Amino acid sequence: MGNKNVLIIGGGTAGLSAAVELAKLDIHVDLVEKSDFLGGHAIGYTCKATRNTCVKCGACMVEEKLNHTISNPKIKTWTGSRVRTVSKNGRFTAKIDGRPKYIDPDKCTNCRICFDRCPFPGGILHGYSPNNIPYYAINPEKCRYLKDKSCGTCRDECPETAINLDATSTEYTREADAVLVATGFQPFNPEDKPYGYHRFHNVVTGLDLERMLKNAGRVKRPGDDTVPQRIAFIQCVGSRDSKRNHLWCSKVCCASAMRMARRIKDRQPEIDITVFYMDIQTVGKDFEQFYKDAREDLRMVRAIPGDIYEVEEQNLKMNVLDNTTHETLEEIFDLVVLSIGITPGKDNGKLAELLHLKLTGSGFIESGDNAASATNTGIFTAGTVRSAMSIPETIASAGSAARQIAKYLRPNPS
Ligand SMILES: Cc1cc2nc3c(=O)[nH]c(=O)nc-3n(C[C@H](O)[C@H](O)[C@H](O)COP(=O)(O)OP(=O)(O)OC[C@H]3O[C@@H](n4cnc5c(N)ncnc54)[C@H](O)[C@@H]3O)c2cc1C
């Protein structure tokens with residue numbers, strides 16, 4: 001099938017995994033990713049091994065898929081790009097818009113000089129995996145050159161002359177025999193919950209904590225850079241929420257929060273950690289033992305707190321009605337972590353329109369050609385664009401989509 005080509009939209013766990021599987025089947029891939037970096041949400045997750053023992057969080061699996069993708073000559077990646085139109089006349093023709101490539105990946109050595117010397121905070125972004133080349137990107141929202149041409153420090157100091165701040169957008173056209181939509185999810189935005197996210201410095205999301213642990217290895221309070229003594233995790237933020245019609249369970253948050261909490265205890269045992277939950281979602285065959293061990297390290301309270309207030313020293317106060325003891329507890333923590341859920345991707349509506357796919361009642365994209373009711377359109381889906389799922393489930397979904405695509409592309413025996 002060396003002459004077949006698949007267009008994959010989305011370069012997260014699902015897109016990378018499907019690309020690797022398709023390449024193994026001798027199928028060429030164009031992988032279009034809208035952000036500057038490959039890997040999606042999960043490339044920012046930390047390894048959660050405790051006592052040097054793997055707890056199967058899946059974070060390293062994403063790094064491995066990224067590594068295989070960038071080293072595979074059958075996979076061409078297009079970061080900072082979006083599919084504008086797709087038409088079908090026998091094959092698919094996709095018109096793709098690429099943002100300016102200010103940093104030339106062929107010249108960049110990831111030396112970090114641009115990042116260190118940029119005088120404007122946030123002017124240079126970096127990814128979460130050094131396997132992304134470049135690992136750095138110019139942030140058009142903060143770059144002073146792009147605003148008024150008053151700075152060119154990164155360009156002037158780059159020893160490889162890899163930076164061209166006058167680069168322009170590009171448009172390109174790719175032909176494909178099938179399309180895979182792997183555009184993932186959008187994390188729930190908890191700003192309008194009464195928990196003070198973005199109002200109180202020491203309220204963060206699970207995603208923020210993942211990235212803090214990946215970057216710095218240890219947990220600190222964003223408000224004052226001190227080590228917290230009491231951390232609360234609040235589960236089901238934005239999931240199983242009938243007021244928002246988010247009736248689904250995000251499936252990954254219980255295990256993810258407990259793994260992060262235990263990883264913190266492993267390295268910073270002096271920190272007390274409480275997890276407030278509705279129910280615990282079990283995942284995987286070893287979960288019972290994992291949960292039993294977790295209860296030894298963590299205080300588990302079956303209750304979801306009401307409003308959070310900031311009190312002295314940027315600490316956080318909350319009232320909680322414990323569903324087991326029926327007692328009202330007043331609790332004070334110095335860091336609160338909101339276990340935000342998985343919600344439908346921002347672009348789902350547009351993509352559904354572009355590719356004639358259907359949305360589910362919740363706003364995820366229906367399965368496309370890999371559904372039981374395959375319609376032979378040549379358009380497939382994989383990963384959390386379809387529903388909430390974990391990294392291993394996403395990889396399995398991408399593998400299954402790749403096999404369905406190979407079946408669809410196989411020439412009919414004559
Ligand atoms: C807080 C939190 C913690 C989690 N922790 C764990 C854990 O410990 N273990 C675990 O197994 N799972 C965990 N998960 C779930 C995990 O994040 C997902 O299973 C995984 O990221 C799904 O990958 P994906 O490729 O489907 O989506 P994504 O990671 O969302 O990737 C989609 C990619 O598509 C790109 N994209 C979107 N729209 C477009 C477009 N129009 N054009 C081009 N590109 C586009 C995005 O930029 C992104 O790179 C967690 C989830 C959350 C919210």
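Which strands and helices do the buried residues of H10 pack against? In this predicted model, they pack against strands S1 (5-9), S9 (178-181) and S20 (379-381), and against helices H1 (13-24) and H2 (59-70).

Helix H10 itself covers residues 391-409. At 1.5 Å a residue, its 19 residues should span 27 Å. The end C-alpha atoms are 27 Å apart, so the helix agrees with that expectation. Its buried residues include Ile-391, Ile-395, Ile-405 and Leu-409. Among them are also Ala-398, Gly-399, Ala-401, Ala-402 and Ala-406.

Now turn to the charged pairs. The structure holds 24 salt bridges. One joins the side chains of Glu-21 and Lys-24, at 3.1 Å from N to O. Both residues lie in helix H1, three residues apart, about one turn of the helix. Glu-21 is partly exposed at 22% relative accessibility. Lys-24 is exposed, at 61%.

Another salt bridge pairs Asp-279 with Arg-240, with the closest N and O atoms 2.9 Å apart. Asp-279 lies in the loop between strand S13 and helix H8, and Arg-240 in the loop between strand S12 and helix H7, so the pair ties together parts 39 residues apart in sequence. Asp-279 is partly exposed, at 31%. Arg-240 is partly exposed too, at 32%.

Strands are linked as well. The side chains of Lys-317 and Glu-330 meet in a salt bridge of 4.0 Å, N to O. Lys-317 sits in strand S16 and Glu-330 in strand S17, 13 residues apart. Lys-317 is partly exposed at 24%, whereas Glu-330 is exposed at 54%.

Finally, a network of salt bridges links Lys-34, Arg-82 and Asp-347.

Terms used:
Residues numbered from 1 in each chain as written. Predicted model: local features only at pLDDT ≥ 70, side-chain atom pairs only at ≥ 80, totals over all residues. Heavy atoms only, no water. Helix = DSSP H or I, 4+ residues; strand = E, 2+ residues; numbered from the N terminus. Expected span 1.5 Å × (residues − 1). Buried < 20%, exposed > 50% of the residue type's maximum accessible area, 1.4 Å probe, protein only. Contact = heavy atoms within 4.5 Å.
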